[in-house]
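Have a look at the structure first, then try each exercise before reading its solution.

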Amino acid sequence: MQFDHQTIDDSPPCGRLFVCEPVDLVGDGLPDLIVGGMGSEDLPVLGDRTVPLVGRLFRRLENDLFWYENPGHGNHDGDDSWTRHTLSSASDLHALGATLGDVNGNGRLDLLVGQGFGGSDIYWFEQPDDPREKWPKHLIADDFSKYHDLAFGDVDNDGEPEVVGASQESETVFYYDVPDDPTRSPWPSDCLTVISRNTNVEGLAVADLDGDGDNELVAGTAIYRQVDGDPPDSVASGGDATLGDASDVSAEWTREHVVTGWDWTRVAVGDVDDDGEAELVFAEGDSPLLGEHMGRVGWFDPPDWEAHILREDLYCPHTVQLADFDGNGSLDVYVAEMGAGENNDTAQHVLFRNQGDGEFRETVVESGVPTHEGKTVDVDGNGRPDLLGKSYEPHAHVDAWYNRP
């Protein structure tokens with residue numbers, strides 16, 4: 001296998017990039033790419049010295065949300081450059097957690113963004129008829145702080161999607177029901193449901209894990225399930241379905257720990273051992289930067305969540321994606337290291353190629369291009385999954401990797 005690397009933008013208008021959301025905005029069947037972040041910190045000018053005043057001035061020239069238009073099918077002049085458009089001209093948005101969802105039900109995917117590092121707002125940006133025009137910004141709420149992850153899905157199984165979030169500074173997992181008028185700012189307070197408190201996690205997924213037709217919520221390395229009818233005795237006062245002593249969990253929910261001792265995990269859901277059941281794949285996306293050991297990647301097999309470790313020596317594998325990259329009918333695991341200034345020259349993209357029956361063969365796809373929160377999508381429409389991604393810091397860039405036979 002071969003992956004051809006293309007630098008989409010080696011000088012994006014924002015430092016510290018977080019948002020990476022592929023979506024077809026122009027309707028040509030190919031994914032465009034929304035990117036954003038929190039902007040630069042103090043601007044270095046002489047070696048390791050910084051000048052805060054200059055840094056703040058430079059920061060005001062930045063743009064926290066923008067998107068790239070895919071070159072498209074009909075490009076006959078050989079130009080494969082992506083066109084950058086402004087989504088929001090704000091330089092103080094502090095975009096961290098993000099997801100896509102049709103908030104107002106008009107058939108177009110909107111962008112939801114939560115602030116980070118001291119910020120308390122969650123916004124949704126309404127996609128206009130022409131995505132090249134300004135996207136109206138609507139405040140959802142400001143109840144918590146630092147939203148590392150957002151998701152949009154039917155987490156309470158009422159037939160309607162909700163805005164699901166994990167707030168790290170407030171240590172809360174929660175969701176908002178979408179009101180009848182989502183352009184109302186902020187949303188009514190009764191839209192909020194708190195699932196768990198005193199819970200500081202990364203990684204969210206809303207999925208039907210057991211095939212019973214109801215969705216579960218994966219937050220960090222725990223699974224939250226709604227209680228059907230009266231709560232069982234072990235959780236009647238907010239207990240834990242596994243440990244039985246977690247009073248921070250709402251009485252309407254149970255929590256099952258898949259694994260403990262894993263830090264700052266990214267999560268992916270899929271049938272990686274071809275047994276017809278969904279497995280969970282975790283990657284310690286901020287280890288060792290925020291932890292005490294190197295980052296691990298592994299998949300966990302229900303119902304007992306048996307652990308299968310793929311690697312345990314990675315530096316901040318903040319990208320974990322599942323797709324059939326080699327076309328053999330089984331899901332592969334794609335992992336990329338973040339870099340964060342520590343291993344920029346050696347950061348790896350590793351593809352664990354599924355050989356069937358839970359066996360994987362490791363292939364290094366790329367080295368020296370640190371990538372944060374990359375997403376798998378068919379970029380060029382040839383039917384093979386590719387990858388779109390971007391750096392975190394200190395050197396901002398936006399990239400594509402094309403999966404060639």
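This is a predicted model: local features need pLDDT of at least 70, side-chain atom pairs count only at pLDDT 80 or more; totals for chains, interfaces and linings use all residues.

Residues are numbered from 1 along each chain as its sequence is written, and side-chain values use heavy atoms, leaving out hydrogens and water.

**Exercise 1.** Find where Asp 275 lies and decide whether Asp 275 is buried, partly exposed or exposed.

Step 1: Asp 275 sits in the loop between strand 20 (265-270) and strand 21 (279-284). Strands are DSSP runs of E with at least two residues, numbered from the N terminus.

Step 2: Buried means under 20% relative accessible area, exposed over 50%, and partly exposed in between (1.4 Å probe, protein chains only). Asp 275 has 38% relative accessibility, so it counts as partly exposed.

**Exercise 2.** Describe the salt bridge between Asp 149 and Arg 266.

Step 1: A salt bridge is a side-chain nitrogen of Lys or Arg within 4 Å of a carboxyl oxygen of Asp or Glu. For Asp 149 and Arg 266, the closest N and O atoms are 2.8 Å apart.

Step 2: This pair links distant parts of the chain, with Asp 149 in strand 12 (residues 147-153) and Arg 266 in strand 20, 117 residues apart.

Step 3: Asp 149 and Arg 266 are both buried.

**Exercise 3.** Which class does each partner in the salt bridge of Glu 256 and Arg 225 belong to?

Step 1: Glu 256 counts as buried because its relative accessibility is 19%.

Step 2: Arg 225, at 22%, counts as partly exposed.

Terms used
Helices (H or I, at least four residues) and strands (E, at least two) are DSSP runs, numbered from the N terminus.
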